[in-house]
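Work through the exercises below with the model at hand. Each task is followed by a solution in steps.

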Amino acid sequence: LGLAPGACVVFEDAPAGVAAARAAGMACVAVTSSVQAEQLQKADVVVESLRELTLAEVAKLATEVSAG
């Protein structure tokens, strides 16, 4: 895609995926579809459903990480 890692948002449902996203410098939204929220706490945001997020909130995550 040609984007900097900080301009990306990863959607994950596994602790290893969250860790990989964070290690790459990407924002991460974790969804509790396969594990408990406590196991996903390293994500920027933890939700039960992607319906809890707006596109504006996701875009803000990418902006915050790339500025950070």
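**Exercise 1.** Is R22 buried, partly exposed or exposed?

Solution. The model is a predicted one. The relative accessibility of R22 is 35%. Buried requires a value under 20% and exposed one over 50%, so R22 counts as partly exposed.

**Exercise 2.** Which side chain meets that of R22 in a salt bridge, and which parts does the pair tie together?

Solution. Step one: the partner is D44, with an N to O distance of 3.1 Å. The cut-off is 4 Å, and by this rule the count comes to one salt bridge. Step two: R22 belongs to helix α1 (residues 15-23), while D44 sits in the loop between β2 (27-31) and β3 (45-47), so the contact links parts 22 residues apart in sequence. Step three: D44 has a relative accessible area of 34% and is partly exposed.

**Exercise 3.** Which strands pair with β2, and in what sense?

Solution. Step one: β1 (residues 9-12) pairs with β2 in the parallel sense, over four bridges. Within this pairing, V9 has A27 as its bridge partner. The path from β1 to β2 passes through α1, and this β-α-β crossover is right-handed. Step two: β2 and β3 also run parallel, joined by three bridges. Here V29 is partnered by V45.

**Exercise 4.** How many residues of β2 are buried, and on which sides do they lie?

Solution. Step one: side chains in a regular strand alternate between the two faces of the sheet. Step two: A27, V29 and V31 are buried on one side of β2, and C28 and A30 on the other. Step three: five of the five residues are buried, so β2 is largely enclosed by the rest of the structure.

Notes. Residues numbered from 1 in each chain as written. Predicted model: local features only at pLDDT ≥ 70, side-chain atom pairs only at ≥ 80, totals over all residues. Heavy atoms only, no water. Helix = DSSP H or I, 4+ residues; strand = E, 2+ residues; numbered from the N terminus. Buried < 20%, exposed > 50% of the residue type's maximum accessible area, 1.4 Å probe, protein only. Pairing = 2+ DSSP bridges. Right-handed = clockwise from strand over helix to strand, strands pointing away.
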